[in-house]
Amino acid sequence: MAETPVPPETVVHQLQWRYATKKFDPSRPIPDSLWQVLCQSLVLAPSSFGLQPWKFFVITTPDLRQALLPHTWNQRQVVDASHLVVFAIKTGINTADVDRYLARQAEVHNTSVENLQKYGDIVKGFLQSPPYPLNLDEWSTRQVYIALSQFMVTAAMLGIDTCPMEGFLPQEYDRVLGLPDQGYHAVVVCAAGYRAADDKYATLPKVRYPLEAVIEVR
């Protein structure tokens with residue numbers, strides 16, 4: 001039997017340890033070596049068809065953070081956390097994006113784009129004629145939340161705190177950061193860093209339904 005890379009009890013402990021951090025310690029930056037691991041968690045995040053219809057904007061400039069604060073209901077995580085990540089979708093994903101992905105796949109797998117064309121046609125067919133009513137920007141948003149989850153779990157395994165935030169004005173974030181000019185739209189924000197010693201929420205027990213109430217085996 002293969003050895004488990006991470007002890008199961010460690011995984012559960014860190015998931016219990018994780019919480020949506022309300023108060024960050026602004027004096028504690030994330031070491032660059034750990035931040036690079038978090039970056040890789042975003043690069044390696046799964047997405048439907050592998051299309052990666054996203055971009056992650058890491059906001060570290062203090063002036064930009066301050067400009068975003070009033071558009072985040074003045075939640076201090078935006079300015080106090082070590083890093084602030086804006087998760088954005090690529091708006092209006094289309095067949096050109098499929099071609100771009102196929103070119104990258106051909107490069108990584110050392111093959112030709114022609115060898116991947118059948119797969120590409122399937123993906124293009126899905127985007128052009130979905131098998132069910134589908135708003136492609138909403139579909140891309142769901143993919144972004146997969147990346148957000150991977151980012152947060154990776155952070156927890158590293159002992160880094162996070163706070164996912166939907167309490168912000170996406171259109172104002174877009175404006176301040178100039179995202180539409182690049183073809184992107186902000187959909188969720190996540191602060192990352194280290195909890196403040198006096199954050200009263202850090203030690204509160206998690207309120208979750210019992211396992212048998214949320215998991216049904218058939």
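**Entry 1: the sheet.** I began with the strands (DSSP E runs of at least two residues, numbered from the N terminus): 4 of them form an open, antiparallel sheet in the order S1-S2-S4-S3. Pairing here takes at least two DSSP bridges between two strands. This is a predicted model, where local features need pLDDT of at least 70, side-chain atom pairs count only at pLDDT 80 or more, and totals for chains, interfaces and linings use all residues. Residues are numbered from 1 along each chain as its sequence is written, and side-chain values use heavy atoms, leaving out hydrogens and water.

I found S1 (54-59) and S3 (161-165) at the edges, each pairing on one side only. I then looked at S3 and S4 (residues 184-193), which run antiparallel and are joined by 5 bridges. Met165 has Val189 in S4 as its bridge partner.

**Entry 2: a helix on the sheet.** Next I checked H7 (residues 136-157), which packs on the sheet and touches S1, S2 (83-90), S3 and S4. Helices are DSSP H or I runs of at least four residues, and contact means heavy atoms within 4.5 Å.

**Entry 3: pocket linings.** Lastly I turned to the largest pocket, where H5 gives the most to the lining, with 7 residues. By class, I noted 14 nonpolar, 4 polar and 5 charged residues in that lining. The lining of the second largest pocket divides into 8 nonpolar, 2 polar and 3 charged residues. For these classes, Ala, Val, Leu, Ile, Met, Phe, Trp, Tyr, Cys and Pro count as nonpolar, Asp, Glu, Lys and Arg as charged, and the others, Gly among them, as polar. On a 1 Å grid over the protein atoms alone, a pocket is an open set of points where a 1.4 Å probe fits, with protein on both sides within 12 Å along at least five of seven lines, and lining residues have an atom within 4 Å of a point.

How values were computed
Axes fitted to C-alpha atoms, helices over the stretch in contact; angles between N-to-C directions.
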